[in-house]
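Biologist: Could you take me through this model? I'd like to start with the ligand and then move on to the rest of the chain.

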Amino acid sequence: MKRQLPAAGRTADLHPFPMELPDLPVEELRVRLGRERVYKLSFNENPYGPSPAVARALQEAAATFHLYPDAYGRALCAQMAAFYGLSPEQFLLGNGADEVINLVAMAFLDPGDRVLIPSPTFGAYGAAARLAGAVPVTVPLKDYRIDLDLVAAAVTAGTKMIFLCNPNNPTGTAFPAAALASFLNRLPEGVLVVVDEAYNEYTDDPASYTALSLLDAHPHLLVIRTFSKIYGLAAARVGYLMGSAELIRQVHRVRPPFNVGAPGQVAALAAFGDRVYVDRMREQNSRQRRWLTEKLTALGWRVVPGQANFLLVDTGRDGREAFTRLAEQGIIVRPCHGFQLPTCLRITIGRPEENAALVQALEGENTRGSG
Ligand SMILES: Cc1ncc(COP(=O)(O)O)c(C=O)c1O
């Protein structure tokens, strides 16, 4: 007799991480596409990799990898605290920002709580809310931007948490801290605001876009960052949360004790210490972002003015057409159907040679199309 399997419960409408072309590791893409040269511009990784200081630090630390890591990542938190002018108790490490998002939801949300999420945005917020049994409520963007007035207007008595991605993935648009300050002042008590600043370091002026300066005055604010983007450490899985010591303590309650391994902590510490490298990464990205914006605009595409290490472009037709043509030439970008933007592509800004290959592939198509 066939046994009835248990039903999925309240998470039934969540899906496992997809394994479509844009999600595959680059070695597998080489095999699938039958090409040695593959440019993966679908994950918003730093194409230059981490600071050389990381390899040196890992080499030195490897002899201690039989030991459990520091459960609080105190060396890393102390260094970041000194840099940002906060106290170490205001930091919590996660296995990537992904885990931090889940931990925040788990720590504060009850079944039935409403969670405001601008849309389209990074998918992890909605999933985390559902995991906690809460109800995600989407607030549309206005001209590809998070409209804080619309978000404030959507707050109801049941609203417990608001996720804001700044710069927003997949649009790249950012709002300044000054706009956030007046938004925070308007919110009723008991509403927690979580600002995901995964791409902050790529903005033209990181200090004016970050919510960090508002932490002191707003104890209901949490800020998320990651080592996966400008620090070039996506493989290490290190993200972090900043907020009042009281809120951070609440999140520690639900955190597995050794959630960030020693290799990740060591790598992040070395990467964080190399500020010259971080500044160089930002400058290189900004230069290439300007160049790519100009070239893609010249192709007749609408390029959303973004502040991150990727660009959202509207191709004016099904985005999968350009995606397929590029994939045939070994260039993988992200079609945006999953973000409800079916005519758009999100393109990670790569190295100059990657960006040039992308533009050349598209220009070739245009010439052929009109010939
Ligand atoms: C806005 C945003 N937040 C968080 C993450 C996840 O980062 P991590 O690699 O630290 O889990 C990403 C990854 O793309 C992202 O775009």
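Modeller: A word on classes first: Ala, Val, Leu, Ile, Met, Phe, Trp, Tyr, Cys and Pro count as nonpolar, Asp, Glu, Lys and Arg as charged, and the others, Gly among them, as polar. On that basis, the shell around the ligand holds six nonpolar, four polar and four charged residues. This is a predicted model, in which local features need pLDDT of at least 70 and side-chain atom pairs count only at pLDDT 80 or more, while totals for chains, interfaces and linings use all residues. Residues are numbered from 1 along each chain as its sequence is written, and side-chain values use heavy atoms, with hydrogens and water left out.

Biologist: How many residues surround the ligand, and which are the closest?

Modeller: There are 14, the closest being Ala97, Asp196, Tyr199, Thr226 and Ser228, where a residue is near if one of its heavy atoms lies within 4 Å of the ligand.

Biologist: Which element gives the largest share of that shell?

Modeller: Helix 4 (residues 96–108) does, with three residues; helices (H or I, at least four residues) and strands (E, at least two) are DSSP runs, numbered from the N terminus.

Biologist: And what do the side chains of threonine 226 and serine 228 do with the ligand's oxygen atoms?

Modeller: An N or O atom in the side chain of threonine 226 is 2.5 Å from a ligand oxygen, and for serine 228 the corresponding distance is 2.6 Å. A polar side-chain atom of lysine 229 also lies 2.8 Å from an oxygen atom of the ligand. The protein covers 92% of the 400 Å² of accessible area that the ligand has on its own, by the Shrake-Rupley method with a 1.4 Å probe.

Biologist: Changing topic, what are the domains?

Modeller: The chain is divided into domain 1 (17–49 + 276–370) and domain 2 (52–273), with bounds from an automatic or database domain assignment. Their C-alpha centres lie 26 Å apart, and 26 residues of domain 1 are in contact (heavy atoms within 4.5 Å) with 27 residues of domain 2.

Definitions and conventions
Polar contact = N/O pair within 3.5 Å; in protein donor to acceptor, adjacent residues only side chain to side chain.
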